[in-house]
Amino acid sequence: MIKRYVQAAADPRLGGRLLAWAGLADTGEDGSEAHERNASLRQEVERLRERQQSGELDERLDPAALLLILMSAANALAVYPQLARGLFEADATAPEVVERYAAQLAQLIQHPATQGHVDGGET
């Protein structure tokens, strides 16, 4: 899951920067798209809860908070490309940077008991 988020956010065509811009321009009132967006977010929270119950993710974490943390972290390459260039000495959209960052983020969120046992593409 997280690798997918990082890849989508890092691709300028898929909207990591647009998501950040929408957040910065938020007025505090939901528009017509909010119902669909919120339903999708609730589904993602439920998936995280299921993964917690299966032991893949730490069950001590609030799944809604975890989703926001993961989405924020996944967008880091798009929101902070200048920092990524400085840290990785390569463009934030370079496939090797995206893969390296996504793999590290996936490893960070895995439950310690499952590290090394869960396919990195699923986290």
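Helix 1 crosses helix 4 in a right-handed way (a crossing is right-handed if the near helix is turned clockwise from the far one by less than a right angle, and left-handed if anticlockwise). Helices here are DSSP runs of H or I with at least four residues, numbered from the N terminus. This is a predicted model, in which local features need pLDDT of at least 70 and side-chain atom pairs count only at pLDDT 80 or more, while totals for chains, interfaces and linings use all residues. Residues are numbered from 1 along each chain as its sequence is written, and side-chain values use heavy atoms, with hydrogens and water left out.

**View 1. Helix 1 meets helix 4.** Look for Ile2, Tyr5, Val6 and Ala9 on helix 1, in contact with Leu67, Leu70, Met71 and Ala74 on helix 4 (contact means heavy atoms within 4.5 Å). Sorted by class, this contact has eight nonpolar residues, no polar and no charged ones (Ala, Val, Leu, Ile, Met, Phe, Trp, Tyr, Cys and Pro count as nonpolar, Asp, Glu, Lys and Arg as charged, and the others, Gly among them, as polar).

**View 2. Helix 1 meets helix 7.** Here the packing angle is about 145°, with the axes of helix 1 and helix 7 9 Å apart. Their crossing is right-handed. By class, the contact of helix 1 with helix 7 has ten nonpolar, one polar and two charged residues.

**View 3. The largest nonpolar core.** This core has 25 residues, and Leu48 and Tyr101 are among those with the most contacts inside it (a nonpolar core is a set of buried Ala, Val, Leu, Ile, Met, Phe, Trp, Tyr and Cys residues joined through side-chain atoms within 4.5 Å). Helix 7 gives the largest share, seven residues. Leaving out residues up to four places away in sequence, Leu48 touches Met1, Leu57, Pro63, Leu66, Leu67 and Leu70.

**View 4. Gln52 in helix 3.** Gln52 counts as buried because its relative accessibility is 7% (buried means under 20% relative accessible area, exposed over 50%, partly exposed in between, with a 1.4 Å probe and protein chains only). Leaving out residues up to four places away in sequence, Gln52 touches Leu57, Asp58, Glu59, Leu61 and Pro63.

Methods: Helices (H or I, at least four residues) and strands (E, at least two) are DSSP runs, numbered from the N terminus. Axes are lines fitted to C-alpha atoms, for helices over the stretch in contact, and angles run from 0 to 180 degrees between N-to-C directions.
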